[in-house]
Amino acid sequence: MSTSSRAQVGIVGAGPAGLLLSHLLALRGIDSIVVENRSRAYCEARQRAGLLEAGTVELLRAVGLGKRLDAEGLEHGGIYLQFAGERHHLDFRDLTGGRWVTIYAQTEIVKDLIQARLAAGARLEFEVSGTEVAGLDEDRPVLRYTDAAGTRHEVRCDVIAGCDGFHGICRDSMPPGLVQAAERGYPYSWLGILATVPPSTDELIYSRHEDGFALHTMRTPQVSRLYLQVSADEDIERWPDDRIWAELRHRLEIPGWELRDGPITEKAILPMRSFVASPMRYRRLFLAGDAAHIVPPTGAKGLNLAIADVTVLAEALTGLLRDGDPGLADAYADASLRRVWRATHFSWWMTSMLHVDPGPDRFGAELQLAQLRYVVASRAAATTLAENYTGYYPLRRP
Ligand code: RFL
Ligand code: PHB
């Protein structure tokens with residue numbers, strides 16, 4: 001059986017980008033359908049980002065998504081940078097004239113968004129299969145998918161938004177040869193854990209250790225999140241819980257400070273890559289978020305970039321579909337790529353400064369230490385880190 005329908009915007013992917021785009025369009029009176037191949041439970045539980053720029057928080061508040069974020073988010077005014085056995089504090093508020101960041105897990109943003117969309121009666125389909133986008137050279141492209149009950153759907157759209165992440169189908173649906181990728185691999189991965197134990201720190205600790213990078217972050221006052229640099233082809237089976245805690249303790253150690261441990265509820269190996277695809281648009285297909293670009297997580301930029309993309313895209317599509325003005329839609333890709341490349345540079349810089357390359361590299365190690373000493377000693381260098389970390393390009397609120 002198959003059915004046909006209409007939507008102004010067909011959105012592929014119910015990650016933060018797709019869900020927020022649907023929400024922002026609805027606020028402007030534009031209807032959309034969101035199709036997602038995973039289940040709602042899976043989307044709500046997928047462990048990913050945790051750190052929001054101030055601009056991201058302000059945007060979420062401005063569009064009615066601030067209630068739980070304000071009640072449960074943890075505001076941080078800085079980070080710790082640790083190297084050569086010493087921990088240094090960077091005070092973002094002081095360095096940037098008052099900017100800050102917030103810990104609020106991506107899982108919670110996704111839950112808030114799904115609830116808001118369903119409460120508004122949105123068309124949001126989980127567990128779809130066979131997603132296709134076609135007719136991109138026509139005025140009304142089509143989005144096809146099979147729903148969870150096995151019915152095939154064809155939705156005629158004015159515009160399709162590819163918010164389907166790095167492994168999605170939309171980027172590859174553009175004409176062959178159009179999309180150029182710029183990318184960089186890294187010779188290491190992260191091993192990430194979630195543990196039921198209060199964080200041992202008030203703000204995030206980024207530690208460069210000669211045996212590899214470690215990061216102590218958190219989710220709530222009761223739940224810690226920690227990461228360890230491991231080799232690119234690491235096998236999680238080689239990391240029983242005791243070994244993880246011992247290595248974290250070793251890499252985060254400073255005199256007079258102790259890492260509390262507790263039950264590990266989740267662990268995974270996360271590969272790292274920088275990737276930017278351009279253009280982010282072909283006619284009536286627009287890419288946003290991880291579908292167009294990914295960064296290594298050291299700079300905490302991926303989620304913030306995805307949210308920034310769809311904030312700009314919602315305004316552009318409003319111009320195009322409601323006001324008949326294509327100006328912002330035509331400017332979307334270039335405006336987004338400027339922000340993306342700033343974050344791509346910052347993420348690469350943080351990653352390169354804090355991770356240890358495999359193999360002996362005395363020169364590289366000394367450069368990293370020289371850079372870290374400069375960042376904590378020079379107000380200018382510390383400000384560079386702080387203004388990028390808290391979000392360099394301000395987000396225009398709707
Ligand atoms: P998502 O979240 O990948 O969502 C894409 C959705 O599309 C669905 N999909 C399809 N649906 C239908 N049909 C198809 N054919 C489909 N193909 C795919 C997928 O199931 C999925 O639900 O992309 P989006 O929305 O662009 O969001 C991007 C963010 O998820 C990502 O950038 C961040 O998580 C990156 N990131 C971080 N970003 C930050 O800003 N701050 C952080 O602290 C931070 N930490 C992290 C991170 C990413 C990490 N990993 C796992 C890569 C920490 C880690 C460990
Ligand atoms: C996280 O909380 O998961 C997190 C925070 C900062 C990063 C990366 C991940 O740089």
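Colleague: How do the residues of the shell around ligand 1 divide into nonpolar, polar and charged?

Modeller: Ala, Val, Leu, Ile, Met, Phe, Trp, Tyr, Cys and Pro count as nonpolar, Asp, Glu, Lys and Arg as charged, and the others, Gly among them, as polar. Here the shell around ligand 1 has 14 nonpolar, 11 polar and seven charged residues. This is a predicted model, where local features need pLDDT of at least 70 and side-chain atom pairs pLDDT 80 or more, while totals for chains, interfaces and linings use all residues; side-chain values use heavy atoms, without hydrogens and water. Residues are numbered from 1 along each chain as its sequence is written, and chains are lettered from A and ligands numbered from 1 in the order written.

Colleague: Which residues come nearest to ligand 1?

Modeller: A residue is near a molecule if one of its heavy atoms lies within 4 Å of it. Of the 32 residues around ligand 1, the nearest are Glu-36, Arg-46, Gln-106, Asp-290 and Leu-303.

Colleague: Which element gives the largest share of the shell around ligand 1?

Modeller: Helices (H or I, at least four residues) and strands (E, at least two) are DSSP runs, numbered from the N terminus. Helix 8 gives the largest share, four residues.

Colleague: What surrounds ligand 2?

Modeller: Its shell includes Arg-48, Trp-190, Tyr-206, Arg-219 and Tyr-227. Polar side-chain atoms of Tyr-206 and Arg-219 each lie 2.7 Å from an oxygen atom of ligand 2. Tyr-227 has a side-chain N or O atom 2.7 Å from a ligand 2 oxygen. The protein covers 97% of the 280 Å² of accessible area that ligand 2 has on its own. Strand 14 (residues 214-220) gives the most to this shell, three residues.

Colleague: In what order do the three strands form the open sheet?

Modeller: Two strands pair if DSSP finds at least two bridges between them. The order is 3-7-4, with antiparallel pairing. Three bridges join strand 4 to strand 7 (residues 101-103), and Glu-75 has Thr-102 as its bridge partner in strand 7.

Terms used. A polar contact is a pair of N or O atoms within 3.5 Å; within protein, one must be able to donate a hydrogen and the other to accept it, and residues adjacent in sequence count only if both atoms are side-chain atoms. Accessible areas come from the Shrake-Rupley method with a 1.4 Å probe; for residues, only the protein chains shown count as cover.
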